Amino acid sequence: MARILDGKQIASELKENIALEIAKLKEQSIVPGLAVVLVGEDPASKVYVGHKEKACQALGIHSEVIRLAETITTQELLVQIKQLNQRSDIHGILVQLPLPQQLDEQRIIESVSPDKDVDGFHPINVGLLSLGRKTFVPCTPRGIMEMLKFSAIDVAGKHAVIIGRSNIVGKPLAALLLAQNATVTVCHSHTVNLAQVTKEADILIAAVGKGRFVTENMVKQGAIIIDVGINREGKKLVGDVDFDEVEQVASAITPVPGGVGPLTIMMLMANTIEAAKRRALCNKAK
Ligand code: NAD
């Protein structure tokens, strides 16, 4: 039986450190502020935004959700983001993705000030990350790295195989694992003989978006399994890994729900605090 990497437990322990950081900022009369821009009525996005709002409230982070109509134009959304960029009480801005089809997603991502880009999606922050420089790290990959660190899993010299090459998960995670001296393979929808590659993994990360995609025959005995996927199966949420099967061969595995998800939200809190601290330093230097 595999060891369960309990994301809820890890997130609650990290929360204590984050709360201390917030208390220190409040001693300097700084209240970290996060604005979340939610366009339209996508049910999953609404749920995610609700979780983010709750986490902010629990920690005493000022949070605002800017709810905008599904039919908004790119120009109108750019105006909203410009206003948020200019506000001194807002340290972090997050535009909930995906956006409705008519919107120019890349242009919108690029309109968020890199200093407030707590999602780490702005090309400047993406570039800094790939250079191994200090920057805002996208929340899910940062959460995965925290989970590995917290669980005393040293990635140096290990073969990490990521299934999925998205800008949100796969690519930034590859950069972070490389920076920690893992040997990294990134697989995607065009990878040939996928199971042969994944069977080589000491650490296998699934970010595919297909329920129970990773089965026992794709996993090496003793591998560490990180399941990023969130997929609906009726009323149930399942990961990209067939948990019941893979748990039999893995040495450690994340559950869904309660694995990577709680850490993603905690890293958003951490990035927002980071943004508030950066601003405070800039203000001092002026
Ligand atoms: P995406 O759709 O942008 O990317 C999916 C990737 O999977 C692509 O790179 C694609 O090439 C690859 N892929 C698809 N079919 C494949 C196949 N047959 N073989 C190999 N590779 C294949 O998805 P994403 O945004 O990276 O998200 C992935 C999953 O993670 C989704 O279920 C999403 O809901 C979830 N997610 C969870 C969190 C969290 O906090 N837990 C955060 C972000 C995303």
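A backbone N or O atom of R165 lies 2.8 Å from an oxygen atom of the ligand. This is a predicted model, in which local features need pLDDT of at least 70 and side-chain atom pairs count only at pLDDT 80 or more, while totals for chains, interfaces and linings use all residues. Residues are numbered from 1 along each chain as its sequence is written, and side-chain values use heavy atoms, without hydrogens and water.

| Residue | Protein atom | Ligand atom | Distance |
|---|---|---|---|
| R165 | backbone N or O | oxygen | 2.8 Å |
| K210 | side-chain N or O | nitrogen | 3.0 Å |
| V228 | polar backbone atom | nitrogen | 3.3 Å |

Taken alone, the ligand exposes 860 Å², and the protein buries 73% of that. Such areas come from the Shrake-Rupley method with a 1.4 Å probe. Around the ligand there are 21 residues, of which R165, S166, S189, V228 and T264 come nearest; a residue counts if one of its heavy atoms lies within 4 Å. Helix α10 (residues 260-285) gives the largest share of this shell, three residues. Helices are DSSP runs (H or I, at least four residues), numbered from the N terminus.

The chain is assigned domain 1 (30-113) and domain 2 (139-261), with bounds from an automatic or database assignment. Their centres, taken over C-alpha atoms, are 28 Å apart.

Helix α2 (residues 43-59) contains V47. The residue is partly exposed, with a relative accessible area of 39%; partly exposed lies between buried (under 20%) and exposed (over 50%), judged with a 1.4 Å probe and protein chains only.

Terms used:
Helices (H or I, at least four residues) and strands (E, at least two) are DSSP runs, numbered from the N terminus. A polar contact is a pair of N or O atoms within 3.5 Å; within protein, one must be able to donate a hydrogen and the other to accept it, and residues adjacent in sequence count only if both atoms are side-chain atoms.
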